[in-house]
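This report describes selected features of one protein model. Please consult the sequence and the structure shown below while reading.

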Amino acid sequence: MQVKAKKALGQHFLTDLGIASKIARTVDSSEIGEKWGSLPVVEIGPGMGVLTRFLVEEGKDVTAVELDGESVEYLAANMPDLRVVEGDFLKLDLSTLTDGEFVLIGNYPYNISSQIFFKVLENRERIPVVAGMLQKEVAERICAAPGGKVYGILSVLLQAWYDCRYLFSVPPGVFSPPPKVQSGVLRLTRNSRESLGCDEKLFKTVVKTSFGQRRKTLRNSLNGLIPADSPLREDPILALRPERLGVEDFIRITQAIEAGRK
């Protein structure tokens, strides 16, 4: 029995066992520490279980989330001891998957990878480690440092809470069917930040508004958010474009806007 890849679900099945093993090892205790390495693992989109098998061999307690009914049948027949939850990860209540913290991993569907990482942000207290494969361009954007063209909204929002590391690239030829893009593997681990020190909703608005008009300076893009009498209006930082700012800069701007509103 083989599962047919479905374009509507963005399925590209990894066929290279060496790469699958390498991805599984990104969440090994030797890589992320015993504290997080012993946590249960939730895998998104296991397909025919090529990555899943290596996770199980590593001794991980794996729960697989799979939307494709054909893949669910395949896993039931070939990995009967695996716990499989049939459903859309984006719509699931994560408390139904496992209690407490867990590590998230997967060969993420490229068409919804950004939404997956936004959900990770919403549940960051439960997900201290995220690893896996996605479109190389998106993986590079998440891990990008300030100053480059790929640095953007996901970079800032995720790096506020996670240490983001791009690990290695994967060519199209190791998938069936081959995607039209390069793939990349990354790992995110929770940093020590417990609070932004500002209103988190406003912080997100500042970041999204800034990059929504990334060719403009912050003075122009944030004009509608900054109170008229705020000292921030005279700050030289507003002469910069958003890709020049790090997480701490965006926090400082948010704090200044918040103070001006009060």
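Helices (H or I, at least four residues) and strands (E, at least two) are DSSP runs, numbered from the N terminus. The model is predicted: local features need pLDDT of at least 70 and side-chain atom pairs count only at pLDDT 80 or more, while totals for chains, interfaces and linings use all residues. Residues are numbered from 1 along each chain as its sequence is written, and side-chain values use heavy atoms, with hydrogens and water left out.

Just after helix 4, Gly 59 adopts a positive phi of about 85°. Helix 4 itself spans residues 50–57, and its buried residues are Val 50, Leu 51, Thr 52, Phe 54 and Leu 55. Buried here means under 20% relative accessible area, exposed over 50%, and partly exposed in between (1.4 Å probe, protein chains only).

The cover over these buried residues includes strand 1 (13–14), helix 1 (17–24), strand 2 (41–44), strand 3 (62–66) and strand 5 (103–107); contact means heavy atoms within 4.5 Å.

An open sheet of 7 strands runs in the order 4-3-2-5-6-9-7, with mixed pairing; two strands pair if DSSP finds at least two bridges between them. Strand 4 (83–86) and strand 7 (162–170) stand at the edges with a single partner strand each, so one side of each is left without a neighbour in the sheet. Neighbouring strands of this sheet are turned by 20° against each other on average, direction ignored. Axes are lines fitted to C-alpha atoms, for helices over the stretch in contact, and angles run from 0 to 180 degrees between N-to-C directions.

Strand 7 and strand 9 (residues 183–190) pair in the antiparallel sense over 8 bridges. Leu 188 in strand 9 is the bridge partner of Cys 164. Helix 6 (residues 113–122) packs on the sheet, touching strand 2, strand 5, strand 6 (129–135), strand 7 and strand 9, and its direction makes about 165° with that of strand 6.

## Aromatic pairs

Rings of Phe, Tyr and Trp (its six-membered ring) pair if their centres lie within 6.5 Å; planes under 30 degrees apart count as stacked, over 60 as edge-to-face and the rest as tilted. By this rule the count comes to 3 aromatic pairs. Tyr 108 and Phe 117 form an edge-to-face pair, at 5.7 Å centre to centre with 75° between the planes, and both residues are buried.

The ring centres of Phe 211 and Phe 250 are 5.8 Å apart and their planes stand at 35°, so this pair is tilted.
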